[in-house]
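Me: I would like to go through this model by question and reply, from the sheet and its helices down to single residues.

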Amino acid sequence: MAYIVGLTGGIGSGKSTIAVLFVELGVKIIDADIVAREVVAKGTPLLAEIVNHFGEQILTEQKELDRAKLRQIVFNDPKQKEWLNQLLHPAIRQEMLNQLHQNNDDYVIWVVPLLIENNLTEFCDRVLVIDVLPEIQLSRALARDKSNIETIKNIMAAQVSREKRLSYADDIIENNLPLAQNFSNIKEQVLELHQKYIALALQKNK
Ligand code: ATP
């Protein structure tokens, strides 16, 4: 089994941006957001359960899950939200752990926005935190998502504090500077971590 590096950070911190740099080095990524979509893809038993519960109206014309509609329903109804979470969370967690266990590379990067919030650090050999100042997080998430400032602030408030997240970090990449100015520095840090993780993985499997 691969050595597992959990990569986390708050909304808009730069997790995806930095994960891509590991991919370019040939590292396999297991991404919680992608797994969350896989478990409810067309033809899955979980999608069938969701249709059973909410009716065919929850599907798009292509018979795929209508995420916008589902979001709207659970946003307005805490009981339905609870039902959905109880269905999806264990399945997503199990599928992520399956994918991690099946991997035989030296190490994998496991990208999980809510790694700490969902108590998943226990499954990691190491935790890499992407750290940014809250005001930078806010402005980058706003620019990317085109949602309103209150929505982003609410999401940030529901995530762990920067201090708490950092207290779990074995490694930190600080991503405050604009990439245009700091890209080669970030790339260098990623390369150093890559070499460190390979060494740690070999040590563990000795
Ligand atoms: P989320 O958890 O919200 O999906 P994330 O942590 O994966 O976010 P990214 O999507 O990588 O974050 O980055 C958020 C936005 O900020 C993106 O539009 C990205 O292009 C931009 N960004 C990331 N890092 C920098 C940087 N150093 N300078 C400028 N823009 C950046």
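## Packing and pairing

Me: The model is predicted. Against which elements do the buried residues of α9 pack?
Reply: Helix α9 covers residues 179-204. Its buried residues include Ile 186, Val 190 and Tyr 197. The elements they pack against are β1 (3-8), α1 (15-24), β3 (107-111), β4 (126-131) and β5 (171-174).

Me: Where does helix α9 bend, and by how much?
Reply: Asn 182, Ile 186, Leu 193, His 194 and Ala 201 are among the buried residues of α9. The bend in this helix is at Asn 185, and the angle is about 30°.

Me: Which strands stand at the edges of the sheet?
Reply: The sheet is open and has five strands, paired in parallel and ordered β2-β3-β1-β4-β5. An edge strand has a single partner, so one of its sides is left without a neighbour in the sheet. The strands in that position are β2 (28-31) and β5.

Me: What is the bridge partner of Tyr 3 in β3?
Reply: Strands β1 and β3 pair in the parallel sense, over five bridges. The partner of Tyr 3 in β3 is Tyr 107.

Me: Which residue of β5 stands opposite Val 129?
Reply: β4 and β5 are joined by four bridges in the parallel sense. In a regular strand, side chains alternate between the two faces of the sheet. In β5, Asp 171 and Ile 173 form the covered face, while Ile 172 and Glu 174 form the uncovered one. The residue opposite Val 129 is Ile 172.

Me: At what angle does α5 run to β3?
Reply: Helix α1 lies across β1, β2, β3, β4 and β5, and its angle to β3 is about 165°. Helix α5 lies across β1, β2 and β3. The angle of α5 to β3 is about 165°.

Me: Are α3 and α5 roughly parallel or roughly antiparallel to each other?
Reply: The axes of α3 (residues 45-54) and α5 (residues 78-102) come within 11 Å and cross at roughly 170°. Angles over 145 degrees count as roughly antiparallel. The two helices are therefore roughly antiparallel.

Me: How many nonpolar, polar and charged residues make the contact of α3 with α5?
Reply: On the α3 side are Leu 46, Glu 49, Ile 50, His 53 and Phe 54. On the α5 side are Gln 80, Trp 83, Leu 84, Leu 87, Leu 88 and Ala 91. By class, the contact has one charged, two polar and eight nonpolar residues.

Me: Is Leu 47 buried or exposed?
Reply: Leu 47 belongs to helix α3. Beyond four places in sequence, Leu 47 touches Val 40, Ala 41, Lys 42, Leu 59, Lys 63 and Leu 65. Its relative accessible area is 5%, and the cut-off for burial is under 20%. Leu 47 is buried.

Me: What is the relative accessible area of Arg 126?
Reply: Arg 126 is in strand β4. Its contacts beyond four places in sequence include Tyr 3, Val 5, Asp 170, Asp 171 and Tyr 197. Arg 126 is buried, and its relative accessible area is 16%.

Key: Residues are numbered from 1 along each chain as its sequence is written. This is a predicted model: local features need pLDDT of at least 70, side-chain atom pairs count only at pLDDT 80 or more; totals for chains, interfaces and linings use all residues. Side-chain values use heavy atoms; hydrogens and water are left out. Axes are lines fitted to C-alpha atoms, for helices over the stretch in contact, and angles run from 0 to 180 degrees between N-to-C directions. Angles under 35 degrees count as roughly parallel, over 145 as roughly antiparallel, 65 to 115 as roughly perpendicular and the rest as oblique. Contact means heavy atoms within 4.5 Å. Ala, Val, Leu, Ile, Met, Phe, Trp, Tyr, Cys and Pro count as nonpolar, Asp, Glu, Lys and Arg as charged, and the others, Gly among them, as polar. The bend at a residue is the angle between axes fitted to the seven residues ending there and the seven starting there. Buried means under 20% relative accessible area, exposed over 50%, partly exposed in between (1.4 Å probe, protein chains only). Two strands pair if DSSP finds at least two bridges between them.
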